[in-house]
Amino acid sequence: MDPSTHRDAYFTNLLNNNDFLMIEVIEIEPSGRKIQRGNNFSNEEDLLLVEGWLETSLDAVQGKDQKHTMLWKRIHKYFEENKKFDRLRNYTSLMNRWSTIQQATNKFCGYLAQVEGMHPSGFNEQDKIGKAKVMFLELEKKSFNFDHCWRVLRFHPKWVEHMDMVKPKKKPSSHDSTPNSINLGEDEDFHVASSNLERPIGRKAEKEKRKRKEMTNSDSLVVLNEMAEIRKSKLVLMQEARDHDNKMLCLRQEEVSLKQDELRIQKEKVLLQQVKTRLEEKKEDERIMTLNTSAMPPMLQQYYLQRQMEILASRAGKN
């Protein structure tokens, strides 16, 4: 057989599992080595697929007329560039697998929302998850096997936004067993279901959204700058107030010191005045004591004699 014929040859086997009909493709390389594209995805492949879906999105600004397959080719490119295993997957296989993960996880999220809405007494987080798994098993007739995917998707903004977009209106039906879950039946046409996996918003809406975001960021930056300036002004005013208080304290201390100096000077003046008075009195006493009263008139002589007696008596009392 011609090598080109080997390179282009594919053998397909229809493998029927519980979720949907998968195609197993076996490619034969020119060397004769078979590269298996199996139906069983490992947890590692699931997680890489989830990561690729979260990291890849349609660029709405380039136009919303992009083909849906372009998204999955980009996810496939991301998958191939980041995988740590040898198994090959084409983008259709990844799209099919994502549909299975999404459908099961949507329903599980719905059951978990129902459990949380009941506010069961004494239930912790693990109890609620366990109850949701029991509901999934009873109503879907199979186990929920995508815990590893759900834990990555659960709080991611893109998944939360996706859940808000695909959340259906509750239909009044007595046979509706999952009113809060995403009701995607296995018998629906896959391409119809998968076409709703990622709906980009329009170019104008995306530009408006980015413009609003930029304006919001700009306004936030202006507000932050104004708050920083106000904080800086407050700090300057507080420092000026502290400086003013320190200056006033220094002035009051100087005023007290000046008053104390003034009182000390007044006391010294009084003491000097007292010394001066005593010196003048002593000088006057010496003059009186040295007077010759013999030539004085009798009355004046009697006055100075009396004064001399008083001076002598005063000095005797001090001794």
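Visitor: Does Asp147 count as buried or exposed?
Guide: This is a predicted model, so local features need pLDDT of at least 70 and side-chain atom pairs count only at pLDDT 80 or more, while totals for chains, interfaces and linings use all residues. Residues are numbered from 1 along each chain as its sequence is written, and side-chain values use heavy atoms, without hydrogens or water. Buried means under 20% relative accessible area, exposed over 50%, and partly exposed in between (1.4 Å probe, protein chains only). Asp147 has 16% relative accessibility, so Asp147 counts as buried.

Visitor: Which residue meets Asp147 in a salt bridge?
Guide: A salt bridge puts a side-chain nitrogen of Lys or Arg within 4 Å of a carboxyl oxygen of Asp or Glu. Here the N to O distance is 2.2 Å. Asp147 sits in helix α6 (residues 147-153), and its partner lies 14 residues away in helix α5 (residues 125-140). That partner is Lys133.

Visitor: How many residues of α4 are buried?
Guide: Helices are DSSP runs (H or I, at least four residues; strands are E, at least two), numbered from the N terminus. Helix α4 covers residues 91-118. It is mostly covered: of its 28 residues, the buried ones number 22.

Visitor: At what angle do the axes of α2 and α4 cross?
Guide: Axes are lines fitted to C-alpha atoms, for helices over the stretch in contact, and angles run from 0 to 180 degrees between N-to-C directions. The axes of α2 (residues 43-55) and α4 come within 11 Å. α2 is roughly perpendicular to α4, a label for 65 to 115 degrees (under 35 is roughly parallel, over 145 roughly antiparallel, the rest oblique). The crossing angle is roughly 90°.

Visitor: Which residues of α4 make the contact with α2?
Guide: Contact means heavy atoms within 4.5 Å. From α2 come Asp46, Leu49, Val50 and Trp53. From α4 come Leu94, Arg97, Trp98 and Ile101.

Visitor: How far apart in sequence are the parts that Glu45 and Arg89 tie together?
Guide: Their side chains meet in a salt bridge, 2.9 Å from N to O. Both Glu45 and Arg89 are buried. Glu45 lies in α2 and Arg89 in the loop between α3 (68-82) and α4, so the parts tied together are apart by 44 residues.

Definitions and conventions: Expected span 1.5 Å × (residues − 1).
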